[in-house]
Amino acid sequence: MQNHTPGERAARIPTIHIISDSVGATAQAVARAAAAQFGVANPKIETLPKVKTYEEIHDFLEEHARHHVEELGNDRMLVFYTLVNTEVRNKVSAYVENHPNIVAVDLMTNAVEAISQMSGMQPAYRPGSLRAADAYYFRRIEAIEFTIAHDDGRNPHELTQADIVLIGVSRSSKTPLSIYLSQQGYKVANIPLDPSTEPPKEVYDVDPTRLFGLMTTADVLIDIRQRRLGAGKASLVAGRYADPEYVYEDLEKARKLMRQLGCIIVHTEKRAVEETAQEILRYYERSHPPLADIIE
C-alpha cells in the first residue's frame, strides 16, 4: 500500500455509484471490500436501489455526471451495478460503452453465467434473491437456537411461541425430529411424557394444528430402550424403564393425553427422521403457510 495518510487515501478513492434492481446490498459489500484493499474502510457510496426501468438509471447517471463536472471539473465516474433484468442491463452496458469516462463494473452477469454454464440450469433473474436467501439463513439460525432452548420440556412458558410442538414418550424421536425441523427453519419445542409426571399446563394452550404426538409400538420401544440401557439394566429403576408392562402403561397414558389435546398423531417406528418430518410438515402446512411464503 502506498504511503498515504488515511485522509489522503479516502480522498483519492472516488465516489462509488451503485445501481441495483434490489437494495444494492451485494454491490455495497463488494465496494467496501474493494476499498478496504486501499486502506479505506468506509468509501463514499451513492446508491440507486430498486430500479425498474433503464430511464431511471439514465437520469441517475446524467445527473451525477453533471455534478462531477460542476464539483470536480470532469465527468469521470465509478459505477458498480447488479441488475438481473437482461434488457435493462444490456442498455446500461451500451450506455457506459459510449461514455469512456465511466468505469463500470457488472458484478452479477459473469457470476450468474458461470454458474449457469457449469450447472446447465437457467437463472431465475429475480431481484432480491440473495436477500431472500439471507432471510432464510437467519430464520434457520433463530429456529435452531429456539429449538435447543426448548428441548426436553425446557422453558414450557414459551410453548405458544413455537411453530411446532412435539410430545411423546422417551425414545420416540422427539429430539432428532426437533433438530431436523429446526434446520428447515421451524421453531420446535418438545415435551417428554411419562406415567409418573404430568405435562406442563402450557401444553393445553398450544394450537392443536401446531401440536404433534409422536407414537410408536411397544415392541419397537422396548427394543430401543433395552439397547439404550445396555449394562444399566441391572438397576431396578433403569430396568423398569424397558419393562414391557411399564412401556405399555407409558404408551397408553400418552395416547390418552394426545386424544385429550386433539393433536395430530404421527407414528415414528421404523421410519427415517426425514420421512417423519415430511409427514409432520404436510399436516402443518394444511393450516399454516409454508416457510417459503413467510420468508417472502
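These legends go with a few close-up views of a predicted model. Residues are numbered from 1 along each chain as its sequence is written, and side-chain values use heavy atoms, with hydrogens and water left out. Since this is a predicted model, local features need pLDDT of at least 70 and side-chain atom pairs count only at pLDDT 80 or more, while totals for chains, interfaces and linings use all residues.

**View 1. Arg225 and Asp250 pair up in a salt bridge.** Their closest N and O atoms sit 2.8 Å apart; a salt bridge here is a side-chain nitrogen of Lys or Arg within 4 Å of a carboxyl oxygen of Asp or Glu. Arg225 belongs to helix H8 (residues 218-229) and Asp250 to helix H10, so the bridge ties together parts 25 residues apart in sequence. Helices are DSSP runs (H or I, at least four residues) and strands are too (E, at least two), numbered from the N terminus. Arg225 is buried at 0% relative accessibility, and Asp250 is buried at 2%. Buried means under 20% relative accessible area, exposed over 50%, partly exposed in between (1.4 Å probe, protein chains only).

**View 2. Glu198 forms a salt bridge with Lys253.** Here the closest N and O atoms are 3.4 Å apart. Glu198 is in the loop between strand E6 (188-193) and strand E7 (211-215), and Lys253 is in helix H10 (residues 244-261), 55 residues apart. Glu198 is exposed at 61%, whereas Lys253 is partly exposed at 30%.

View 3. Thr15 counts as buried, at 17% relative accessible area. Beyond neighbours within four places in sequence, Thr15 contacts (heavy atoms within 4.5 Å) Lys44, Glu46 and Leu78.
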